[in-house]
Amino acid sequence: MAKWVYGFEASHAEGRADMRALLGGKGANLAEMSNLGLPVPPGFTITTEVCTWFYRNAQSYPQDLKPAIEAAVAHLGDLTNARFGNPERPLLVSVRSGARASMPGMMDTVLNLGLNDETVRGLAAQTGDERFALDAYRRFIQMYSSVVLEIDHPRLEHILEAEKDRKGVEFDTELDAEDWKRIIARFKGEIQTLLGRPFPQDVQDQLWGAIGAVFGSWSGARAKTYRRLHDIPEDWGTAVNVQAMVFGNRGNSSCTGVAFTRDPSTGERTLYGEFLINAQGEDVVAGIRTPQSLTRRAREALGSQRPSMEEAMPRAFAELSNIAGLLEKHYRDMQDMEFTVQEGRLYMLQTRTGKRTTRAALRIATEMSGEGVISRDEALLRIDAGSLDQMLHPMLDPDAPRELIASGLAASPGSASGEVVFSANEAERAAANDRAVILVRLETSPEDIHGMHAAKGILTVRGGMTSHAAVVARGMGRPCVTGAGSIKIDAARGVMSAGGVTVARGEVITIDGAEGRVYRGKVPTIHPEMTQEFALLMSWADARRRLKVRANADTPFDCETAKRFGAEGVGLCRTEHMFFEAGRVTAVREMILADDLEGRQAALAKLLPMQRTDFAAIFRIMEDRPVTIRLLDPPLHEFIPHTDEEIAAVARSSGADPQKLRARALALAEANPMLGHRGCRLGITYPEIYEMQALAIFEAAIAAQKETGKAPPLEIMIPLVGFRSELDFLAQRIAEVAKRVERAHGMRPHYLIGTMIELPRAALRAEELAKTAEFFSFGTNDLTQTTLGVSRDDAGSFLGEYIAQGLIGRDPFVSIDVEGVGEMVRIATERGRHGRPGIKLGICGEHGGDPDSIGFCHDTGLDYVSCSPFRVPVARLAAAQAAIAGSNASLAD
């Protein structure tokens, strides 16, 4: 018989921390804290297996679930000396979701469940506080109506705000019992009007409605979006946690709050968080009231006059501090805890591994390793390699002029400029049109996640450091400023105002999430300085990894950036990218449109010194690091002039007849240019093009060697090869150029000749190609296109639906298709090494910067990966993590 329900109570639980897959993260950790003897309100967890059943069986439940839950509720009543639905001593519970992976704010929660018109009177009599009981009831009605009855939250919130306006008060805490009676009556009337039925009074109906809503929220839009953004499998499901209520809104001796064992923004080892006196948990995360600091030090840093928890509730604070230390030591990682103090008594409601900024993660990992809590390998595995992007992008130039218009809380570091938008949908539409935007909201909610993802930064008027906006922004790596209370938003008029300045929708502002400041207009940025912790962790990664890491770099600036981030060479220099600079594209068009050898040579003579200068600059920067140069590989449509103005420019430069050029352009037009006259095919039909490039490369290398005393290791790569005969033909031409250069300069250029593997035929014939090629570089962008028969330029119109329908797990242009494209890479690797033992193998597609793809490259035995300069640290860390995973797998075997 299946076990669907697992209980937890003081010093005993049926579950453990290692049962996350079954109990979800929240349920497993509630069980673990109970087993540790911590003050946890008793409750039970309905397993993720029930969620799986729910979706596989038309949203129904196993037959034996109901008696199991009834028994668990009865036992909970015994533990609390209360009874579910009893009008004299009512048992009240919370119903919360709890997925295996933390998904803050993405699924649904209901508090104070078990209240109705009768039990609310019992609660009032039991506590001697009618106002408290009625406040708890109205909260339950609001949450249940939104979560279970699917009534838009603003419908009831508007009633509450109208009553506060009528009475002339700002906060909920200023309303008395009579106010709450009137508001509750209006709530119930609105529900009756909207649904045609009364608010449910049967507590069993309430409970099963809430359980179904939590399971249903797993397939809600915001949860689906979060799972897609964070690669959480759909089949994991969620657990449901039912727990006896404790109340932080029982007066000034009660509170609720969130605490981190270390600062989630900086990583500093200090208790960090916020709390609210006389409040329930959703008040903190929803940003309805601006919370207070936990510690006196934090309060003083903010310049706040409101007492910290350390000052207002010293005994509960001391206990919380001790528990925080115990939990961090037990879990060996920074913890994010939720707690409630009810009339002076502390209760722990949750602990989980805390989300943190990348900067904080680096500091926490390196310091914990230094403290002997975790090993260096564990420290490396603690960092999400992809998240290093947060560290590698520009910050505000400290010397740039700026106009401060508002200040708030530094909720998530980084800076961003963009047009002001006031809704998530606006942000998403603008981003789809390549417009940078800042999402400005009174406060964010889980429904805003798509807009938060689309925006460059997030600014909210309300909320604290642990509000929804702050937590989600930190997880996404978005700059965020919260609690900017001086800002007034008039979304209907499309304006925000602060500090005497009015900013309209579409105007640009800049936010600095590290300082909590908002500026008018665009503020210039500079490249960030790497922290000591970053450098230390990178040194550990470099010592641990096997894969070399190069950069895809086409300009001297790219090469400088790549070197700064630790690149060990250039894995792909795309020569056609050099030609898009002003003054060059005309010469390239002149070359392409020439209808005879003489015309092409005249155009190539203009390009030769440009290419030579470019290559020499790259060689000087890279010094003795290898540089792989891909010869010209333009789909011709990228260079062919299309407008009369462009054709006229080529005509003026070449002296040719514009009409003749126009006819030539039409003749060169292709139905499918990505599979047309490009790559080595261009070099074969017009060998003088590759000969010019080889000459520029060799002469630049000699010049750089004479200047620096270091011979750059040259790797000349011929693109789009499918036949060995193509490679042999062009390799021979390049060898002849090398001989001419040796005769002219008295120095022989040393170089390797190789090819990109970007066609299935090349992968299948790799053994034969390796007889000529001294290296392979897998061009996985094109290899993905040609293997899947999918154009990457057009794939966006349908791949999203494939992912949404579960037909594929991830976009194959982002993370390598291991079973298909990956199989081509494995075949080419094996056959290439059979044809030439010791052949150098690398990858230079966009996958070279994707951590999962890097793991595949390590497992396949490639020698290096090459990625964009800003992704080099990501690749260095991912390569180390792949090596550690490989070692751990070997030990397990």
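Which residues line the largest cavity? I will come to that list after a word on the model, which is a predicted one, in which local features need pLDDT of at least 70 and side-chain atom pairs count only at pLDDT 80 or more, whereas totals for chains, interfaces and linings use all residues. Residues are numbered from 1 along each chain as its sequence is written, and side-chain values use heavy atoms, with hydrogens and water left out.

The largest cavity is lined by Arg131, Asp135, Arg138, Arg139, Asp172, Thr173, Trp180, Asn249, Asn278, Asp283 and Arg289. By cavity I mean a set of points, on a 1 Å grid over the protein atoms alone, where a 1.4 Å probe fits but cannot get out, while a pocket is an open set with protein on both sides within 12 Å along at least five of seven lines, and lining residues have an atom within 4 Å of a point. The space in this cavity comes to about 70 Å³, where a volume is the space filled by probe spheres set on grid points joined across faces, edges and corners. Five cavities of 30 Å³ or more are counted by this rule.

Helix 5 covers residues 130–147, and its 18 residues reach 26 Å from the first C-alpha to the last, close to the 26 Å expected at 1.5 Å a residue, the expected span being 1.5 Å times one less than the number of residues. Because 15 of its 18 residues are buried, helix 5 is largely enclosed by the rest of the structure; buried means under 20% relative accessible area, exposed over 50%, and partly exposed in between, with a 1.4 Å probe and protein chains only. At the start of helix 5, a side-chain oxygen of Asp129 comes to within 3.3 Å of the backbone nitrogen of Arg131.

Let me turn to the aromatic rings, of which a search of the whole structure finds 14 pairs, where rings of Phe, Tyr and Trp (its six-membered ring) pair if their centres lie within 6.5 Å, and planes under 30 degrees apart count as stacked, over 60 as edge-to-face and the rest as tilted. Phe132 and Phe247 make an edge-to-face pair, at 5.0 Å centre to centre and 85 degrees between the planes. This pair links distant parts of the chain, since Phe132 is in helix 5 and Phe247 in the loop between strand 6 (238–244) and strand 7 (255–260), 115 residues apart. Phe132 and Phe247 are both buried.

Finally, the second largest pocket has a volume of about 600 Å³. Its lining has 28 residues, and Thr80, Ala244, Met245, Val246 and Gln342 lie nearest its centre. Helix 4 provides the largest share of the lining of this pocket, three residues. That lining divides into 17 nonpolar, seven polar and four charged residues.

How values were computed
Helices (H or I, at least four residues) and strands (E, at least two) are DSSP runs, numbered from the N terminus. A polar contact is a pair of N or O atoms within 3.5 Å; within protein, one must be able to donate a hydrogen and the other to accept it, and residues adjacent in sequence count only if both atoms are side-chain atoms. Ala, Val, Leu, Ile, Met, Phe, Trp, Tyr, Cys and Pro count as nonpolar, Asp, Glu, Lys and Arg as charged, and the others, Gly among them, as polar.
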